[in-house]
Each structure stands twice: as structure tokens, then as C-alpha cells.
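Subject: Structure handover

Hello,

Here is the structure I promised to pass on. Please open it first, then read my notes below.

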Amino acid sequence: MITVNSDGKIMVRRCLVTLRPFRLFVVGIGFFTLCFLMTSLGGQFSAKRLGDSPFTIRTEVMGALESRGVLRKMSDMLEMMVKRMDVLARLENSTDFRKVEEIHFPIDRFHPAVGLMERIQAIAQNVSDIAMKVDQILRNSLVNGKPVEGRRDQCEVPRDPNYPDCSGKVEWMRARWTSDPCYAFFGVDGTECSFLIYLSEVEWFCPVLPWRNQTGAAPATKSSPRVLAVFRRDLSYLLELIGSGKESLIFMKKRIRRLGTQWLRASYKLEEKLGGKQRDQKQILIHIGFLTEESGDVFSPRVLKGGPLGEMVQWADILTVLFILGHSLKITVSLKELQSNLGVPPGRGNCPLTVPLPFDLIYTDYHGLQQMKQHMGLSFKKYRCRVRVIDTFGTEPAYNHEEYATLHGYRTNWGYWNLNAKQFMTMFPHTPDNSFMGFVSEELNKTEKQFIKSNKANNMAVVYGKEASIWKGKEKFLAILNKHMEIHGTVYYETQRPPEVPAFVKNHGLLPQHEFQQLLRKAKLFIGFGFPYEGPAPLEAIANGCIFLQSRFNPPHSSLNHEFFRGKPTSRELSSQHPYAEDFIGKPHVWTVDYNNSVEFEAAIKTIMRTKVDPYLPYEYTSEGMLERIHVYIQYQDFCAAAALPDTPAMKSSTSPFILQPNSTHLVWAHNASSSLPTWPPVNSMQVWLSEAGQACTSTCQQHGLVCEPEFFKFINKKEVFQQLNLVCDSTESEMNHFYPAVSENVRECYLQKEPLLFSCAGCNSKYQRLCPCRDYRRGQVALCQDCL
């Protein structure tokens with residue numbers, strides 16, 4: 001301890017002169033020490049590997065003697081500095097002594113300077129202690145790992161035919177290992193051994209080095225105990241999980257609260273239908289990518305300004321379904337949360353995840369899919385089979401297969417993911433190659449339905465469209481409609497800027513959802529002007545007793561002739577604004593007419609005014625229908641299993657499992673054939689039909705009251721199936737083409753599919769008659785076959 005005597009005063013004065021430099025010096029010494037520890041000790045402070053402590057020492061990277069020597073030099077330097085400070089403090093200088101005495105400030109002001117010596121001494125002691133501890137650790141490592149020490153700088157690239165890419169990956173690492181900090185995080189430091197350790201233990205391009213601890217190199221993942229899913233009916237915890245801070249999230253939470261009662265009723269119905277069947281609880285991550293700041297989040301600012309709400313309606317219902325079914329959920333709407341939940345290492349996204357993926361399923365959208373690919377490295381390819389992509393308009397296999405899309409002109413900004421096409425989940429069941437996710441509409445009880453029927457205003461119409469731009473150029477239609485009906489609108493506008501709609505339109509402005517529902521319950525007609533496409537509003541209107549009038553498109557709208565669809569990964573042609581309403585509901589609830597024919601348009605309005613309808617909602621858009629559908633998907637859809645044909649006695653048998661129907665038109669699965677194949681949907685729901693030339697399988701199956709099922713293509717992609725249908729094949733070729741399997745009868749050539757990811761219900765060509773796998777479906781639930789529950 002330094003006492004404040006004459007010597008001390010001299011010391012204080014000199015410390016005052018050099019106080020700021022000493023502070024910088026001490027900080028510098030501390031920073032230098034930290035940097036040394038982070039870099040010289042194998043990168044352990046900044047490059048922690050899986051299963052290692054932050055202070056683990058790896059002798060195969062850093063030499064033991066070198067580490068001890070440098071630490072000792074640092075300790076000696078600090079001790080020498082302290083000795084010199086002691087000598088300096090003993091020097092007598094009378095002139096300085098008198099100047100110090102003239103200082104009238106209290107000596108207490110200089111206590112920090114007096115304590116500076118103690119701090120320097122403490123730093124020296126700490127570094128000395130660290131040197132002793134590191135010396136001890138390194139001595140132990142030398143004793144226990146002498147064989148390893150001798151090899152740490154003698155790693156050679158193994159020549160193993162099972163790892164043909166190893167040498168190329170090592171070459172890449174030599175040149176680029178500093179391009180991403182994630183490599184240092186996993187222990188790469190520029191040595192040949194660190195490259196091989198990384199490429200064999202973190203990635204899987206090289207064999208594990210024989211002298212490495214095999215158990216440590218591949219840590220066994222602990223299997224989680226089985227947890228059963230139990231129906232949950234208190235939605236308050238779900239609302240907490242969703243969070244707040246965005247208008248889009250607030251909208252979703254309001255919707256969940258408003259529909260809470262019907263979700264509760266539906267859960268009891270499904271639980272009774274399942275009859276106590278046990279279900280495993282899944283760990284599920286929901287990442288809503290389009291709401292992240294990194295994707296721009298253009299939706300949240302527009303929620304209160306008439307922007308599109310269909311995506312948020314669907315996401316709110318998806319969250320509710322997964323929660324009620326009893327699964328464990330994590331919900332993210334930011335990139336930082338996504339990285340944290342996935343276990344993304346620091347860096348630029350070139351390395352795999354730090355831990356095995358803790359989720360059985362991930363529900364996201366195209367924005368989230370892109371973010372995952374950017375930050376998961378090789379882990380994305382490994383775990384992408386667990387992803388489910390919410391995709392409003394659908395993705396066809398020709399656009400999904402990267403190589404095929406690039407070679408044949410199907411590549412777009414949203415395709416080329418090489419997923420199973422069933423992993424894309426749509427808002428409407430328009431693309432059987434994809435899975436139908438859907439949403440729910442508000443349900444009415446018998447009393448409410450009767451009240452609506454008795455209080456309908458037969459001359460009241462509501463226009464579908466909240467943005468003023470939708471109304472532009474529609475003056476002709478509006479004038480005809482105005483002759484017969486009172487027109488109401490819900491167009492967003494700001495007080496100082498009224499919307500540009502005709503004066504005879506009664507505009508209510510943007511209405512809250514419950515007020516919009518009340519407006520629909522009074523109206524007779526809900527009329528669309530061609531846009532937006534395939535939204536939830538027409539179903540809500542029909543459920544509230546409205547008739548939906550829409551325009552027929554001639555020619556149909558598609559990516560070939562309409563800007564809205566350009567770049568979307570589908571060739572689907574829309575014959576109307578809402579094809580589902582036209583094809584699956586139809587008259588009297590849905591009328592599709594040519595708006596360019598004013599006579600037909602006016603005649604339809606007059607007929608609608610005389611037509612009485614009951615409120616109607618398809619079962620697949622009820623809460624019970626959606627719960628049932630998603631439950632089945634979670635239980636039976638497994639895209640991580642091998643895509644190959646099941647290796648079962650039924651498929652090995654020389655006898656075909658199909659039989660030709662008496663009228664020789666199609667094949668069905670034989671009753672005596674095995675129907676217990678490990679596939680879903682069950683094979684006994686399958687029928688095999690041959691399309692007309694230039695007809696897609698989607699249309700072919702629909703003509704026969706069936707739906708195309710792409711999961712069945714693997715059973716019919718055989719030469720024998722052509723023979724059973726009495727088709728003559730002079731030659732049979734196997735190629736990558738999304739029209740195959742197919743036959744060209746003009747030249748009597750048959751074609752089999754070479755790439756399973758290209759099995760597609762969509763697509764047609766006038767040269768081919770396609771072999772189409774169809775199945776039955778449950779009334780009101782097209783996604784499920786009759787025996788699928």
C-alpha cells in the first residue's frame with residue numbers, strides 16, 4: 001500500500017502528469033492480453049466448437065511450448081514495468097515537492113491515481129496466474145496426447161473413393177477459409193489439419209481423421225422423450241407467442257379472438273372423430289418471412305390502408321390450428337429470431353448449423369425460405385424436407401426443379417427449390433401437385449342463417465375491392481348495376497382525399513372485419529371486377545348469404561398474358577377471378593359471366609335479384625375442416641423418407657397390382673393386391689386414366705369426378721402399365737420431362753419419367769397422351785381421400 005507522504009506526493013504529481021497515458025496503457029495491456037488468448041490458444045474464445053468449453057485448449061492447432069513462452073514473456077514484462085514504477089516513486093525532487101505543496105486541492109482527488117499502481121500489479125498477477133494455469137493444462141495435454149501432437153502438422157488429404165469431393169473441398173478451404181468468420185468459429189485456423197477436421201466433423205466431405213476421437217467427432221444426439229399432443233383450447237398463450245409491435249400481428253390476434261368460439265367447437269368435434277387416437281407432439285417453428293424487416297414488410301403499413309389481408313388471414317388460421325392440435329410452437333417474425341432458433345453460427349451463412357435442427361417441421365413462406373437458405377449453409381439441403389412453404393398461387397414441378405427449369409425456360413424468381421411439390425401449401429385447392437392448406441371463414445348457426453335470409457336487401461350490392469385503383473375503368477359496369485341495385489363500397493381513403501368512386505356509390509371506407517361481416521349479411525350481391533385474384537372475401541360473402549358475381553376471362557389469365565402472374569412459378573390459367581368459387585361452388589351461389597357482354601351482364605343481375613340462396617360454406621373452409629386436414633398432413637406426410645418406390649413384396653411381384661376395368665377405359669388397384677404399402681394416400685383410392693392429347697392430368701381426373709394424386713406416379717411409371725391399357729409401345733424411353741409418363745400414339749413411342757421431382761399433374765402438350773394417377777376424395781374435403789382420415 002502506498003502512503004501519502006513526501007514520496008507519495010511526488011508520485012501523485014507525476015501520476016497527474018501521466019494519468020491519461022497510463023489509462024490508455026492499462027487498457028492496451030488488457031486488450032493485448034485478450035487478443036493473445038483469443039488467437040494463440042487455438043481460437044477458443046472466438047471459435048468455439050460444438051461441445052467444447054470456451055476455454056478449451058486444442059494442442060493439435062497451437063504448440064504448447066510456444067503458448068507457455070509467450071505468456072511468461074508477458075508476465076515478465078509487466079513485472080519489470082512495476083519495478084520501474086517503484087524506482088520512479090522513490091526519486092526525490094524538491095522543486096516538484098514544493099509545487100505539490102502549493103496545490104490546494106484535497107488529496108482525496110488523487111486516490112484513483114494512487115490506486116493505479118495496485119491495478120497494474122493486479123494485472124501482472126492475473127497474467128502470471130493465467131500463465132501458470134495454461135502451463136499446467138498444456139503439460140497435461142502433452143502427457144495425454146503425445147501421439148496426436150506428433151501428427152498435428154502432418155495431415156494429408158485422404159484418398160478415399162467414398163469421399164470423392166474431399167480434395168476439392170480442401171483446395172477451396174485453402175483459398176477461401178477467411179471469406180466467412182463461421183469457419184474460425186468451428187476452429188479453422190489455416191492449417192491443413194483444421195481444414196480436414198472441419199470437412200469431416202462439421203461438414204461431411206472428408207473421412208474422419210483416424211487419430212481423432214471418433215466419439216467426440218460425432219456426438220450422439222439425445223432422443224427426446226415421446227410427448228403426446230393434447231388438444232388445447234385456451235388461446236391466451238398463443239396470443240402471447242405471436243407478440244405485438246406490428247399492425248399485421250395485431251390484425252391476426254384480433255382475428256384469432258373473434259373466431260375463438262368456433263375454433264373451440266371444432267376442436268371438440270375433431271377430438272370425438274379421432275376417438276382417442278394418440279398423436280405425437282411435434283416441435284414446430286413458424287417463421288413468417290414476409291413480415292420481417294429484411295424482406296421489407298410491405299404488408300404491415302398497409303393493414304389500415306386497404307392493403308391485402310389474405311396472407312394474414314391464412315397465417316392467423318395456421319397458427320391457431322397448430323396450437324389447438326397441441327404442438328409445441330416457436331413463432332418468429334425477424335431474421336435475428338430465426339437465426340437464434342435454428343442455431344446459425346456467426347458469419348455469412350456458409351457453415352452448417354451449430355446443433356441438429358430442433359424442429360420436426362418448419363412453416364414459412366418464400367421470403368422465409370430464402371432467408372433460411374442464406375443462413376443455414378449445407379444444413380438447408382439436409383433439413384429442407386421438414387419445410388412447409390405457404391404459397392398462395394402454387395408452385396408447379398417444372399418450375400421447382402432447378403436444372404430442368406433452367407434448361408427449359410421455367411426458371412423464375414420464386415422457383416427452383418428442388419423440394420417435393422407437396423411441400424408447397426396453397427390457399428385454394430387449385431394445384432393438386434401442391435398441398436391445400438386453406439383458411440377458415442366465419443360460421444353461422446341455424447338461428448343466424450335464418451335471420452340473414454329474412455333480412456336480406458334484394459337490391460343491395462357490395463363491390464369487392466378496397467383500393468380505388470380497382471374501380472378505375474369500371475364505369476360501364478357500375479352504371480348498369482346502378483340501374484337495379486344500391487351500390488356499396490369499402491374503399492380506403494384519407495379525410496382530405498376522398499376516393500375516386502362514382503357519386504352514386506355509398507362508400508363506407510375501410511371497415512373493421514366484424515362491421516364488414518355485418519354489411520355482407522345485409523347485401524344480396526357481392527360483385528368482383530376481376531381483381532384481386534383468389535382472395536378469401538368471396539367465400540366470406542357466400543357464407544353470409546350473398547351471391548358472388550364475377551367476370552369470365554377470355555382468354556384465361558396466366559403468366560403468358562398478364563403482368564400480375566409474370567414471374568410466378570406456375571403456368572396455371574385462371575378462367576375467372578376466383579376459379580375455386582366457379583368450379584367447386586358454382587350456381588346458384590356463384591355466377592361467372594362475360595362482363596364485355598352488357599346484355600349477359602345485366603341479365604345475370606336481374607336473375608340474381610330473384611334468386612334466393614341460403615348461406616353456404618364448404619366444409620374444407622370450416623374450422624373443423626381445416627383442423628382435420630392439417631392433422632392428417634402432420635400425421636402422414638413425410639418428405640424426408642426415401643423417394644424411391646417402396647421395396648415390398650407387392651411391388652416385387654411379377655403380377656401387376658392393377659386390373660383393367662371391363663370397359664377397358666382405366667385401371668384400378670386390385671382388391672387382392674396389398675393395400676398396406678407404406679405410402680399416403682392409401683393406394684386403394686387410386687385409378688389410372690389416359691388423358692386426351694394436349695390435356696393435363698388435372699383436367700383428366702376432374703372429368704371423371706376424381707382428383708390427380710402425384711404421390712401415385714411412382715406406381716404407374718412402368719412399361720407394364722402402358723401394356724395393360726392396351727397401348728402399343730415400339731420403344732420406351734426414360735427422360736426428364738414434366739409431361740411423362742406419356743405416350744405418343746402417332747409414332748407409338750412411350751416415355752417414362754426419369755426424375756421423381758418432375759412427376760406433375762399440371763402441364764400438357766398436344767404431342768402426348770399422359771398417364772394420369774387419380775384418386776377419390778371426400779365430399780367437401782378435396783385434399784383427403786375417402787379413407788384418408
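Start with strand E3 (residues 361-364), which is covered on both faces. Leu361 and Tyr363 lie on one side, Ile362 and Thr364 on the other, and all are buried (under 20% relative accessible area, with exposed over 50% and partly exposed in between; 1.4 Å probe, protein chains only). In a regular strand the side chains alternate between the two faces of the sheet. Helices (H or I, at least four residues) and strands (E, at least two) are DSSP runs, numbered from the N terminus.

A word on the source. This is a predicted model: local features need pLDDT of at least 70, side-chain atom pairs need 80 or more, and totals for chains, interfaces and linings use all residues. Residues are numbered from 1 along each chain as its sequence is written, and side-chain values use heavy atoms, without hydrogens and water.

Next, the partners of E3. Strands pair if DSSP finds at least two bridges between them. Strand E1 (residues 283-287) pairs with E3 in the parallel sense over 3 bridges. Leu285 stands opposite Ile362. Strand E4 (residues 387-390) also runs parallel to E3, joined by 3 bridges. There, Val387 is the bridge partner of Ile362.

Now Glu540, in helix H24 (residues 537-543). Glu540 is buried but has no salt bridge (a side-chain nitrogen of Lys or Arg within 4 Å of a carboxyl oxygen of Asp or Glu). Arg255 has the nearest side chain of opposite charge, 4.2 Å away (Lys and Arg count as positive, Asp and Glu as negative; His and the chain ends are not counted).

Last, Gly245 sits in the loop between helices H12 (236-242) and H13 (247-258). Gly245 counts as exposed because its relative accessibility is 73%.

Best wishes
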